[in-house]
Amino acid sequence: MLFEVWAPAAGERVELWLEGTGHPMAPVAGRPGWWGAEVPAADGARYGFALDGGPVLPDPRARRLPDGPGGPGAVVLPDSFVWRHDWPGRTLRGAVLYELHIGTYTPEGTLDAAAGCLGDLVDLGVSHIELMPVCPFPGVHGWGYDGVAPWAVHEPYGGPAALRRFVDTAHGHGLGVVLDVVHNHLGPSGNHLPAFGPYLTGTHRTPWGAAVNLDAPGSDEVRAYLLDSALAWLRDYRLDGLRLDAVHALADTRALTFLEELAAAVDALSGELGRPLFLIAESDRCDPRTTAPREAGGTGLHAQWNDDFHHALHTALTGESQGYYEDFARAPLAALAKTLTRGFFHDGTYSSFRGRSHGRRVDVTTTPAHRFLGYAQTHDQIGNRALGDRLSGSLSPGLLACAAALVLTGPFTPMLFMGEEWGAGTPWQYFTDHTDPGLAAAVREGRRREFAAHGWAAGDVPDPQDPATRDRSCLDRAERSREPHARLLAWHRELIALRRTHADLADPDLASVRTAYDEEARWLAVRRGDLRIAVNLSPEPAGIALGGGPESRVLASWEPVEAPGADGVLWLGGESCAVLADG
C-alpha cells in the first residue's frame, strides 16, 4: 500500500510508523514537499508519521481516527465496503431538504441509529438529508464545527463505514444526502496540521484565529488538501452535495478563488460520475454572485442559504427586533414580501446591525429561485439563542403552521430542521465536549459573557460542557403521536405532497411571484401561478381579497375554511393559513 504525506516542514527525514514499526519514507520526485513509502497494510492497521525523529502524528488525510483527532490513523482500504444500491442521484431543483444532527437525532447519537429512522423522512416527503459536520472533534458530543480532520468521520458516530452504511440506506429509500463541511477554520484542539506545513497563515485573521491558508505561500497544496477532501466525500461516500460553512469567512485574495476552483471540480466530477452533484453555500454577504455561473463572473456554486428570508419570517412570527432582526422588524410583512419576490432584503440597503449598506440586487429574471434555500429554523438560528429554544417554545400551533406554509409553498428550496415537522418540544442547545479543561472553561465563560450582555443571568445559560445540555437537545420521537405534534406532522406532510404534485410550487421563476399584505392586520398572500397561499398571523379573523371568486378551490387549510365568494374575499381564522387553486 502506498503511503504519502505532504510535509514541507520536515527537515531531513519522515518516517511512517505502522503498527509500532518505523519505515523510512523518501521524497516523491516532481512533488516538492511530498514523502512516500510503499508498505503492506491491512484494513484497520494503525499508522502515523514522524518528522525528523519527533512524535508520531496522525495523517492529515487519514480516513479514520479511531482514538480521536490526536491519535493515530487507521487504514481504510478502498474496496472494504460493498454498496447495495445503485444511485442515479437527485437534483437540487424540486428538492426539500432536512437538516439533521447525528448526535441528537436519536438518543444513541450514531449514524446507524439515525439510519434506522429514515423511513420517517420518506413518509414526510423530503428529498435530501443535510447532515451537520461529521468530521472528528474532541470528545464525544458536539455540533461538529470544531473538527480538525476534514478527511475522516467522527468515530463515536460510527466512523467511515457507518457513514457509507447511512448513505447506502438513504439511497435505498430514495433520499439524497448532503454533508456540511467546514473549510474556513480548524478546531482549537487536536490540530497537528501546522507541524506538517503551512496549513494556516497569519496573513489573515478570522473569528477563530489564524486563517486557513488559501492565498499565502504553500496555498496550492492546502487548496488541494481541501478540494480533494470535498471530492472524496462525493465520490467515495457517494454523497449528493456539500453545504459549505460560512464561505464569507474564507480569506482568499487570489484571482481564481478557492470556491470557483471547487465548483469547477465538482461540476467535472458530476460529469464523470454521471449523476448530479451540488454545492450549497452559507454566506452572509447577500451576494447573488455566490451562485451566478462562472462564465457570468460568479463563483458557480449551486445554491445558498437565504438568512434574509428567515429573518423576515422570524420577525413577522415573533415580533423580535434585537440584533440583526432590527431592520426586518420595522415592517416585517413588507420585508417578507420583498424576500419572497426579490430574494434578499438587504440588496444594497442600509443595515443597522452592520452600520453600513449591505448586499447586492438579485436579477430575478435570470436567477432561478431554487438557488436560494428558505427556512424558518436552522441549527444556527435555534442553537445560538441563549436557551436553544425553538419556535415551538413560544408560538401557537397555528403560527407554526403558517411558517410551514410559507416555507414549503414558497419559491425557494425548502429546508426543515430536524423535529420542526412535528413542532418538537425539545430545545436544541449549544453543547461541547472539550477534553482540554482550559478550553472547556473558556467556552463556558465566553458563552455566559455573550448572553450577559443581553440581560441573561449566568446561571440561566446552559453549560455547554454539561452532558445534560446535549441530552436535552435529543429529539423525543414519542411526541409525534401526541397533539398538537401529530397534527403539525400531518400538515407538513400535506404541504410537501402539494409541492410535489403542483408544478407551480416548484416553478423557479422568481420574477413571477406576486404578494399582497396588510402590515396592521398581519396577513400576507402569495401568488404562484394558479395557486394562492394566504397566512393570517393575527389572532383575529381576517378578510383577504384574493380574487378568483367562487371557482377557487381550497387545496389545504390549517383550519376549515370556505373558498372565496363572488367578491373574491377569503375569510381566514386567526393564526391560520390556506392554499387555494384557481378554477
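The residues of the lining of the second largest pocket divide into 15 nonpolar, no polar and nine charged. Keep in mind that this is a predicted model.

**Exercise 1.** Describe the second largest pocket and find which element gives the most to its lining.

*Solution.* Start with the volume, which is about 570 Å³. Next, look at the lining: it is made of 24 residues, and Met 1, Arg 61, Arg 63, Val 76 and Trp 151 lie nearest the centre of the pocket. Now turn to the elements: β1 (2-6), β6 (46-51) and α6 (219-236) each give two or more residues. Of the elements, β1 gives the most, with three residues.

**Exercise 2.** Decide whether Cys 402 is in a disulfide or in none.

*Solution.* First find the nearest cysteine sulfur: that of Cys 577 is 4.1 Å away. Then apply the cut-off: a disulfide needs two cysteine sulfur atoms within 2.5 Å. Cys 402 is therefore in no disulfide.

**Exercise 3.** Work out how many residues of helix α10 are buried, and what they pack against.

*Solution.* Take residues 332-342 and count those that are buried: nine of the 11. Among them are Pro 332, Leu 336, Lys 338 and Thr 341. Then look for their partners: the buried residues pack against α8 (307-318), α9 (326-329), β17 (347-351), α12 (397-408), β21 (514-518) and β22 (523-528). Finally, step past the end of α10, where Gly 343 follows with a positive phi, near 90 degrees.

Definitions and conventions: Residues numbered from 1 in each chain as written. Predicted model: local features only at pLDDT ≥ 70, side-chain atom pairs only at ≥ 80, totals over all residues. Heavy atoms only, no water. 1 Å grid on protein atoms, 1.4 Å probe; cavity = no way out; pocket = protein on both sides within 12 Å on 5 of 7 lines; lining within 4 Å. Points joined across faces, edges and corners; volume = space filled by probe spheres on them. Helix = DSSP H or I, 4+ residues; strand = E, 2+ residues; numbered from the N terminus. Nonpolar A, V, L, I, M, F, W, Y, C, P; charged D, E, K, R; others polar. Buried < 20%, exposed > 50% of the residue type's maximum accessible area, 1.4 Å probe, protein only. Contact = heavy atoms within 4.5 Å.
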